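Q: I am new to this structure and would like a short tour. Could you take me through the main features?

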Amino acid sequence: MSLLVCCSLSLFILIFLKPVQFFIMTSKNHVDSSVAERRLRPIYNWLDDSNNKKALQEADKVLKKQPNFQCAKVLKALALLRLGKEVESQQLLESIRKDLQCDDSTLSAMTVCYREMNKPEVICEVYSAATKKDPNNEELLTHLFMAYVRVCDYKKQQQTAMTLYKLKFKNHYYFWTVMSIVMQAHEAGPELAKNLQLPLAEKMVRKFVEDGKIEAEQEVQLYLMILEMQNKLEDALAVVEGPLGEMLHSYIVVPSKRVELLVKMECWKRANIEIKKILIDDMDNWSLYMNYFKTVFQIIDLESNGNGVVEDDSSDKTLNDSVKFLTDIQTKNTSGSHRLRGPYLAIMEFFVQLQDKGMDP
């Protein structure tokens with residue numbers, strides 16, 4: 001499930017921004033007037049400098065001139081919170097929420113407050129209320145989605161992402177929906193995941209594949225993950241080796257993924273051949289060496305039991321073949337300007353495994 005974790009963490013990229021810097025940036029773009037921005041600037045500066053007492057004083061000055069200025073009220077609440085006056089801060093925030101405006105600077109500052117109170121669920125409530133007032137606001141819906149990500153509410157993530165997709169028809173919103181379904185499958189029991197959520201996620205991605213709407217490498221990787229979670233390894237291999245595989249831009253991704261799938265499918269000879277191709281240029285890849293040893297011993301077992309397919313291929317079918325290959329790798333490494341330790345350790349590991357298996361080289 002490591003891929004799941006990686007994909008889930010990728011959704012948090014926008015969350016782990018420095019709070020004060022974030023709402024300062026949004027305030028620059030969205031405060032109604034230059035006068036209001038100029039009045040808020042000292043509060044931001046004092047908060048940035050961690051001088052919360054001065055920030056509170058500046059907020060009070062602004063509110064004397066503009067008593068209904070919500071962003072100034074929220075910044076005052078933040079200053080109170082950082083001064084240890086959490087009850088007063090919370091009371092002020094609750095009063096603001098009764099008639100909350102939908103400007104980004106106010107909402108962003110409020111997000112920082114509730115985050116510092118360790119109440120991420122309230123951030124969901126704040127943005128949910130805001131989107132009800134302005135249901136076609138893409139930015140607010142995006143913030144709402146990210147708020148649900150923080151609290152791992154995968155079902156509401158899915159609903160919000162689909163709302164975004166129906167509003168703007170952007171691929172990444174569609175795949176946010178798919179990823180949310182996959183995360184539900186990760187949390188659900190195996191039967192529910194197998195019979196409902198994963199087939200639904202696969203169907204949604206396949207529709208985009210058939211319609212030629214796949215645009216990004218990450219979308220292909222998500223498709224592969226869904227297939228692997230259902231143990232549809234042959235389908236996953238077909239994706240890697242087909243037109244979609246060309247979207248996996250990294251020169252490492254496709255060969256490594258092919259090897260991983262072939263090993264899982266127990267296609268030992270094909271896996272062995274692929275591993276050898278990669279190791280020629282990637283001599284320090286320890287996981288490949290371990291898979292190489294695994295394929296070699298499996299091929300030897302098949303051949304010794306008479307189950308191996310007699311064919312003219314370049315896979316290593318004997319211990320001598322393996323020793324020769326590892327020696328060739330070591331020779332190439334020695335001739336290079338920068339020697340790697342992988343080839344030396346690999347041949348040592350090979351003989352250790354031989355000894356463990358009671359085999360003579």
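Q: To begin, how many helices and strands does the chain have?
A: The chain has 19 helices and 0 strands. Please note that this is a predicted model.

Q: And what share of the residues is buried?
A: Of the 361 residues in the chain, 46% are buried.

Q: Which residues have the most contacts inside the largest nonpolar core?
A: They are V178 and L326, in a core of 64 residues. Helix α11, spanning residues 171-187, gives the most to this core, with 9 residues.

Q: What does V178 touch, leaving out residues up to four places away in sequence?
A: V178 touches A201, M204, V205, L222 and I226.

Q: What about a second core: which residues does it include?
A: A separate core of 41 residues has L47, A55, A59 and V62 among its members.

Q: Changing topic, how many aromatic pairs are there?
A: The count comes to 14. One of the pairs is F175 with F208, an edge-to-face arrangement with 5.7 Å centre to centre and 85° between the planes. F175 lies in helix α11 and F208 in helix α12 (residues 190-210), so the pair links distant parts of the chain, 33 residues apart.

Q: Are those two buried or exposed?
A: Both F175 and F208 are buried. The charged end of K213 sits over the ring of F208, 5.2 Å from its centre.

Q: Which residues form an aromatic cluster?
A: Y292, F293, F297, F325, F350 and F351 form one cluster. Over the ring of F297 sits the charged end of K357, 4.8 Å from the ring's centre.

Note on methods: Residues numbered from 1 in each chain as written. Predicted model: local features only at pLDDT ≥ 70, side-chain atom pairs only at ≥ 80, totals over all residues. Heavy atoms only, no water. Helix = DSSP H or I, 4+ residues; strand = E, 2+ residues; numbered from the N terminus. Buried < 20%, exposed > 50% of the residue type's maximum accessible area, 1.4 Å probe, protein only. Core = buried A, V, L, I, M, F, W, Y, C linked by side-chain atoms within 4.5 Å. Contact = heavy atoms within 4.5 Å. Phe/Tyr/Trp six-rings, centres within 6.5 Å; stacked < 30°, edge-to-face > 60°. Lys NZ or Arg CZ within 6 Å of the ring centre and 35° of its normal.
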